[in-house]
Amino acid sequence: MSDRIPFSLQVNGETHGLTVVPERTLLEVLREDLRATGTRRGCDQGSCGACMVLVDGEPRLSCLSLAVTLRGRAITTIEGVETGGTLHPVQRALVQHGAVQCGFCMSGIVVTAKALLDHNPSPTPEEIRQALGSNVCRCSGYAKVIEAIASLSAAPGPATSPERPHE
């Protein structure tokens, strides 16, 4: 095993000084060292999205990212999405639309949807589906998840119309 490397990570707006072996993933550091356990360990292969976080505002699979390569980057976990104890609009919409079931995948879905809406405030349902392509949910079937995210769209029309039929 390699020698430990001192470095710092900026997670949810706070800088954390750490000393880790270079082989440790961001997921391991977040969960084990920083106790940010909302970031889930799913497949450890980058195929489920449960470990998704934002790095400089872009979705990133933390199980495939080495922590030491992310110094100087802004990392946002599910714990950093809410502000002052208030749920993020994506979180509220998912709850209001009944899209949350077991919740295991939701942290990855929330940060992915947040990044999508930050970059594209008026996504189409197809753009939402495409953005969520790396997030696996075994409970919901995705219809309510897509409906919830579409309800936040800034564009008037079918994506925000209350008359829109359920998918």
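**Cysteines.** I began with C48, whose sulfur lies 3.8 Å from the closest cysteine sulfur, that of C43, which is too far for a bond. I note that this is a predicted model, and that a disulfide would require the two sulfur atoms to be within 2.5 Å. I then looked up the accessibility of C48 and found this residue buried, at a relative accessible area of 14%.

I turned next to C102, for which the closest cysteine sulfur belongs to C139 at 3.8 Å, again too far for a bond. C102 counts as exposed, with 56% relative accessibility. A search across the whole structure accordingly gave me zero disulfides.

**K114.** I located K114 in helix α3, which spans residues 106-119, and I recorded a relative accessible area of 18%, so this lysine is classed as buried. Its side chain makes a polar contact, at 2.7 Å, with the side chain of D118. Leaving aside residues up to four places away in sequence, I listed L54, V81, H88 and V90 as the residues that K114 touches.

**L152.** I placed L152 in the segment that follows α5 (143-150), and its relative accessible area of 29% makes this leucine partly exposed. When I set aside residues up to four places away in sequence, the contacts of L152 were P89, V90, A93, L117 and P121. For P89 I also looked up the separation from L152, which is 63 residues in sequence but 7.6 Å in space, taken from C-alpha to C-alpha.

Methods: Residues are numbered from 1 along each chain as its sequence is written. This is a predicted model: local features need pLDDT of at least 70, side-chain atom pairs count only at pLDDT 80 or more; totals for chains, interfaces and linings use all residues. Side-chain values use heavy atoms; hydrogens and water are left out. Helices (H or I, at least four residues) and strands (E, at least two) are DSSP runs, numbered from the N terminus. Buried means under 20% relative accessible area, exposed over 50%, partly exposed in between (1.4 Å probe, protein chains only). Contact means heavy atoms within 4.5 Å. A polar contact is a pair of N or O atoms within 3.5 Å; within protein, one must be able to donate a hydrogen and the other to accept it, and residues adjacent in sequence count only if both atoms are side-chain atoms.
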